[in-house]
Amino acid sequence: QPVIELNEIRKTYFMGHNSLEVLKGITLSIQRNEYVALMGPSGSGKSTLMNILGCLDTPTAGQYILNGKDVSKMPDDDLAEVRNTEIGFVFQQFNLLPRLTAAENVALPLIYAGISKKDRTERAMVALQKVGLADRSHHKPNEMSGGQIQRVAIARALVNNPSLLLADEPTGNLDTKTSIEVMEIFGQIQAAGNTVVLVTHEEDIAEYAKRIVRLRDGNIESDNLKAIEIMAK
Ligand code: ADP
Ligand code: ADP
């Protein structure tokens with residue numbers, strides 16, 4: 001069973017008397033343990049698609065099956081539950097709280113889940129180990145480099161053991177060398193059994209993903225996994 005199954009997804013924004021169809025029938029499936037980069041020119045619909053994948057928004061038409069569950073028409077409360085339990089988010093702006101240590105930042109999502117302090121600390125440490133930052137657990141964001149801060153944010157996204165990790169321009173604020181380090185961390189997370197989907201507009205950064213899906217004007221322009229499948233036929 002794929003983690004993500006999109007079937008003819010359409011999204012139209014309505015503004016007064018005007019409407020704009022931004023996604024024009026996206027069909028895509030992503031298996032467990034894939035590492036996908038979503039690319040495309042500005043305005044091609046990447047953010048709109050990521051918002052749908054992240055259950056922050058629902059499609060106007062079409063079907064989105066996440067881990068076997070149809071989330072296309074779920075009410076907001078149920079979507080929030082899906083977001084909190086099945087999806088980890090990483091942002092371009094790292095969104096860490098400056099007064100908290102790395103471990104405390106990573107543990108934050110577990111507070112809302114009602115997990116005891118002892119278990120929160122333990123799980124935060126496990127997540128920090130996954131991004132190679134166990135030795136920085138007591139540091140605050142202003143004591144860390146940009147790359148380290150983004151790795152803390154990735155650890156925070158992983159702490160609930162989500163089945164899907166979504167990242168919107170996660171390297172947008174990082175220099176090339178640090179961006180590559182972050183892409184390699186995502187690669188390790190994927191290798192450990194997670195599914196990673198990220199948006200980037202940098203070709204040389206996207207190369208670190210295992211599959212590149214390109215959008216243009218709300219359609220899939222190319223999908224290099226499909227290219228490999230076609231060559232195999
Ligand atoms: P990308 O992330 O590839 O730049 P977006 O998904 O952000 O593309 O936007 C695609 C198109 O949809 C753009 O023309 C944008 O102006 C429009 N758009 C995005 N969000 C909204 C919205 N909430 N309301 C109206 N139009 C929107
Ligand atoms: P709840 O309704 O349960 O409070 P939220 O809407 O606050 O849920 O967000 C749930 C998850 O979605 C969080 O992990 C949060 O990081 C993520 N999230 C919230 N807003 C955005 C956004 N604009 N873009 C991407 N992810 C977001």
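**Entry 1: helix 5 and helix 6**

I began with a contact: G147, Q150, R151, I154 and L158 in helix 5 meet T178, E181, V182, I185, F186 and I189 in helix 6. Contact here means heavy atoms within 4.5 Å. By class, I noted 6 nonpolar, 3 polar and 2 charged residues in the contact of helix 5 with helix 6. For these classes, Ala, Val, Leu, Ile, Met, Phe, Trp, Tyr, Cys and Pro count as nonpolar, Asp, Glu, Lys and Arg as charged, and the others, Gly among them, as polar.

Before going on, I noted that this is a predicted model, where local features need pLDDT of at least 70, side-chain atom pairs count only at pLDDT 80 or more, and totals for chains, interfaces and linings use all residues. Residues are numbered from 1 along each chain as its sequence is written, chains are lettered from A and ligands numbered from 1 in the order in which they are written, and side-chain values use heavy atoms, with hydrogens and water left out.

Next I looked up the geometry: helix 5 and helix 6 (residues 176-191) pack at an angle of about 20 degrees, and their axes are 10 Å apart. Axes are lines fitted to C-alpha atoms, for helices over the stretch in contact, and angles run from 0 to 180 degrees between N-to-C directions. Helix 5 and helix 6 are therefore roughly parallel to each other. Angles under 35 degrees count as roughly parallel, over 145 as roughly antiparallel, 65 to 115 as roughly perpendicular and the rest as oblique.

**Entry 2: helix 3 and its partners**

How do helix 3 and helix 5 pack? I found an angle of about 30 degrees between helix 3 (residues 102-112) and helix 5 (residues 146-158), with axes 7 Å apart. That makes helix 3 roughly parallel to helix 5. In this contact, A102, N105, V106 and P109 of helix 3 meet V152, A155 and R156 of helix 5. The residues there divide into 5 nonpolar, 1 polar and 1 charged.

Then I turned to helix 4 (residues 117-130), whose axis comes within 8 Å of that of helix 3, crossing at roughly 120 degrees. Helix 3 and helix 4 are therefore oblique to each other. Among the residues that helix 3 brings to this contact are A103, A107 and L110, and helix 4 brings R120 and A124, among others. I counted off the classes: 9 nonpolar, no polar and 2 charged residues.

**Entry 3: the sheet**

In which order do the 4 strands of the open sheet stand? The order is 2-1-4-5, with antiparallel pairing. Two strands pair if DSSP finds at least two bridges between them. Strand 2 (18-30) and strand 5 (69-70) stand at the edges with a single partner strand each, so one side of each is left without a neighbour in the sheet.

Strand 1 and strand 4 run antiparallel and are joined by 5 bridges; N7 stands opposite Q63 in strand 4. Strand 4 and strand 5 form a hairpin with 2 residues between them, and N67 in the turn has a positive phi of about 50 degrees. Helix 1 (residues 46-53) lies across strand 1 (4-15), strand 2 and strand 4, at about 120 degrees to strand 1.

**Entry 4: the whole protein**

Last, I noted 8 helices and 10 strands in the protein. Helices (H or I, at least four residues) and strands (E, at least two) are DSSP runs, numbered from the N terminus.
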